[in-house]
Amino acid sequence: MKKDNSASFKQSTSIPWVELRVADRSSACYQAHSHDEFSFGLIQQGRAAYQNRGTTHQIGAGDIVTINPSDVHSCNPEAGTWSYSMLFVDTLKMGEFQKEVLGYERKMPMADYTPFLHDLERDGNITSTFQNLFQALQSESIPLQAQAYFYDFIEVSLGQGSNGGKREKTSPHLHHVREMLLDNMDHTVQLDDLADEVGLSRYQLLRAFKNQYGLPPHAYLMDEKIKRSKKLLKSGQDISSVALQLGFSDQAHFQRQFKKKLAVTPKFYQSHFITPS
């Protein structure tokens, strides 16, 4: 039997109860089936007939399919091939995160989880939020970042959205979280530990921290790392040493993040302040 190289699977290391599937120009067809997990993903290329709970939808690039546990569904390309990125998420874990998001806005539902309302979504905000989440999981980002993107996706998928620009009440205790991040810059800080520090749920902490400091914890920490790296580079420290001191996984990771913020490499930046011996 010919090996199918169009599909690949991966268990997330950032969020261990999430599985990733990528199909690249696949022509595979699927009979009606269901999953124990939540499954949702982005169509990147091609068109397909997507049937869920007895209704057939024509889907294409940019569409997000949203499939609840036990939903009987099938997805088959109309002609040629199609490409997509899917996530399969443990149902009870998904429910835990949903309850935090819903509980922040209104009374918690009694069910184990809240099902998706629609079979698919064509909202650009949902699409971009999914892309952020999938990229973080695929690149094995730190759990703090991946979990923040996971909450973002749940928020938009449940229609919670933003607060319309309204400033929420700030917490006088959030400076403890900020200090905890900055004191542990050289290794990974867990979201649960940050939330416990101020007695908030993980979701409440993410929203409160972003409201007070303008960025979620992982992004705020990265911003501080880059600012501190500039001082270290100016002092003449070796780039690999700077990367190690600031907790980057390797020098390449440091260079990518530095360039995202300053649009130049650390070496180029340093060359303007240090005269070669």
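The largest cavity in this predicted model holds about 30 Å³ of space. With a cut-off of 30 Å³ or more, the count comes to 1 cavity. Rolling a probe the size of a water molecule over the atoms is what shows where empty space is left. The lining of this largest cavity is made up of Thr-66, Phe-116, Leu-117, His-118, Glu-121 and Ser-157.

Next comes the packing of nonpolar side chains. In soluble globular proteins, nonpolar side chains tend to be buried together. Here the largest nonpolar core takes in 60 residues, and the members that touch the most others are Phe-40, Leu-87 and Phe-254. Helix α3, running over residues 143-157, gives the most to this core, with 9 residues. Apart from it lies another core, this one of 14 residues, including Ile-59, Ile-67, Tyr-84 and Met-86. As for Phe-254, once residues up to four places away in sequence are set aside, its list of touching residues reads Ile-226, Ser-229, Leu-233, Ile-239, Val-242, Ala-243, Phe-248 and Pro-266.

Helix α7 spans residues 217-234 and includes His-218. His-218 has a relative accessibility of 10%, and because buried means under 20%, it counts as buried. Beyond its neighbours within four places in sequence, His-218 is in contact with Leu-144, Gln-145, Ala-148 and Tyr-149.

Turning to the strands, β7 covers residues 73-77 and is mostly covered, with 5 of its 5 residues buried. In a regular strand the side chains alternate between the two faces of the sheet. In β7, His-73, Cys-75 and Pro-77 point one way, Ser-74 and Asn-76 point the other way, and all are buried. Strand β7 pairs with β4 (residues 47-52) in the antiparallel sense, over 5 bridges. Within that pairing, Cys-75 of β7 is the bridge partner of Tyr-50.

Strand β2, at residues 18-26, contains Asp-24. Asp-24 sits 17 residues away from Ala-7 in sequence, yet the two are 6.3 Å apart in space, C-alpha to C-alpha. With neighbours within four places in sequence left out, Asp-24 is in contact with Ser-6, Trp-82 and Ser-83.

Two loop residues have backbone angles worth a look. Most residues other than glycine have a negative phi. Arg-53 is not a glycine, but its phi is positive, at about 55°. Arg-53 lies in the loop between β4 and β5 (55-60). Its relative accessibility is 45%, so Arg-53 counts as partly exposed. Ser-70 also has a positive phi, near 75°, and is a residue other than glycine. The loop that holds Ser-70 runs between β6 (64-67) and β7. At 53% relative accessibility, Ser-70 counts as exposed, because the cut-off for that label is over 50%.

Terms used
Residues are numbered from 1 along each chain as its sequence is written. This is a predicted model: local features need pLDDT of at least 70, side-chain atom pairs count only at pLDDT 80 or more; totals for chains, interfaces and linings use all residues. Side-chain values use heavy atoms; hydrogens and water are left out. On a 1 Å grid over the protein atoms alone, a cavity is a set of points where a 1.4 Å probe fits but cannot get out, and a pocket is an open set with protein on both sides within 12 Å along at least five of seven lines; lining residues have an atom within 4 Å of a point. Grid points are joined across faces, edges and corners, and a volume is the space filled by probe spheres set on the points. Buried means under 20% relative accessible area, exposed over 50%, partly exposed in between (1.4 Å probe, protein chains only). Helices (H or I, at least four residues) and strands (E, at least two) are DSSP runs, numbered from the N terminus. Two strands pair if DSSP finds at least two bridges between them. A nonpolar core is a set of buried Ala, Val, Leu, Ile, Met, Phe, Trp, Tyr and Cys residues joined through side-chain atoms within 4.5 Å. Contact means heavy atoms within 4.5 Å.
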